[in-house]
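Please read this note with the model open beside you, and check each point against it as you go.

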Amino acid sequence: MASLTETGTGAGTGTRNARSRTAPSRAAARSNAGASSGRRIRKSPVLTVLMVLFVIYSFVPLVWLIVNATKSQPDLYSTFGLWFGKDFNLFQNIADTFTYRDGIFVQWLGNTLLYVVVGAGGATLLATVAGYGLAKYDFPGKRAVFAVVLGAIAVPGTALAVPTFLMFSQAGLTNTPWAIILPSLISPFGLYLVWTYATEAVPTELLEAARMDGAGEFRTFFTISLRLLAPGIVTVALFAIVATWNNYFLPLIMLSDPTWYPLTVGLSQWSAQATGVGAQPIFNLVITGSLITIVPIVAAFLVLQRYWQSGLAAGSVKQ
């Protein structure tokens, strides 16, 4: 009995000592948690003002475009630019935009979609295949190819427009859709982006395991690598779509037939009608057409935004 009592007493004493030892640590943890929860995040008034100015700078042109697309031609001159006119003419302006000059706007929209689907789609495909090959295969001259790609990224597209025009003129391809599609197929930035993304997104060990199981290179690419590259591919596609959709200078010098104009050049021609002899200003249709033009791009950003963000970050983080 005495031994049991001593044992019980010792156990109770040990339990009390353990509780007394853990009590200060728990109190310290609670005090640290309270201090961290009570810590205030420092705010910078300068950065807040700059952010507000940036938001205003970004949204004011869009608000101006939406508001003025609802005005008639006389209201554009007689009312404040950031407020609505006397009548709400948005739907009438949309109808007039699609029917002006036998619906030439619809043809320009179709041309733009053609250039985007074939040009941007082909650029995404070529950048994906080439970037994946450069990332996962070794061959003589790989460093030279890397230097050429970086150099191509550094050269602005406007600097190559005139040489491209001279080359296409000798080949008889000017004033044809190929004069816009073929230059759009080359995307050095997209190739570099897929290259850097595939280096980390597609593990080499996974490819070696697939080869050991008897899978060929094409099967490995289409069944394994393509799925892992999906965020990067979508990112490249989004950049290519925006670049082709907003392309202005190249179609301006390559095309002389209005039936092959994209929306950018076509709307510029409408805006030019307000000057010169026999001016016919149709600024209400130009503004409405500009609003219709940005709708597909905004929709593409909203749909592909999550893929775009993950594609930008995933390739730069090592697992």
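1. Two residues are said to be in contact when they have heavy atoms within 4.5 Å. By that rule, and leaving aside its neighbours within four places in sequence, Thr128 is in contact with Val194, Phe221, Leu226 and Ile233. Thr128 has its place in helix H5, and at 4% relative accessibility it counts as buried, where buried means under 20% relative accessible area, exposed over 50%, and partly exposed in between (1.4 Å probe, protein chains only).

2. This is a predicted model, in which local features need pLDDT of at least 70 and side-chain atom pairs count only at pLDDT 80 or more, while totals for chains, interfaces and linings use all residues. Residues are numbered from 1 along each chain as its sequence is written, and side-chain values use heavy atoms, with hydrogens and water left out.

3. The protein chain has 15 helices and zero strands; helices (H or I, at least four residues) and strands (E, at least two) are DSSP runs, numbered from the N terminus. Of the 319 residues in the protein chain, buried ones make up 32%. Among contacts between residues at least 6 apart in sequence, 71% join residues at least 24 apart.

4. Which residues touch the most other members of the largest nonpolar core? In this core of 26 residues they are Phe105, Trp108, Ile180, Met254, Leu255, Trp270 and Ile282. A nonpolar core is a set of buried Ala, Val, Leu, Ile, Met, Phe, Trp, Tyr and Cys residues joined through side-chain atoms within 4.5 Å. A second, separate core has 18 residues, among them Leu134, Trp195, Phe221 and Leu229.

5. Ile180 deserves a look of its own. Leaving aside its neighbours within four places in sequence, Ile180 is in contact with Tyr115, Leu250, Pro251, Met254 and Leu255.

6. The largest pocket is lined by 27 residues, and Gly157, Pro183, Ser184, Ile186 and Pro188 lie nearest its centre. On a 1 Å grid over the protein atoms alone, a pocket is an open set of points where a 1.4 Å probe fits, with protein on both sides within 12 Å along at least five of seven lines, and lining residues have an atom within 4 Å of a point. Among the elements that each supply at least two residues of the lining are helix H6 (142-154), helix H7 (157-171) and helix H9 (188-201).

7. Is Thr293 buried or exposed? Thr293, found in helix H15, is buried, because its relative accessible area is 11%. Leaving aside its neighbours within four places in sequence, Thr293 is in contact with Phe105, Trp245, Leu263 and Leu267.

8. Leu90 lies in helix H4 (residues 90-99) and counts as buried at 19% relative accessibility; Leu90 and Thr70 are 20 residues apart in sequence and 4.0 Å apart in space, C-alpha to C-alpha. Asp87 is found in the loop between helix H3 (73-78) and H4 and is partly exposed, with a relative accessible area of 49%.
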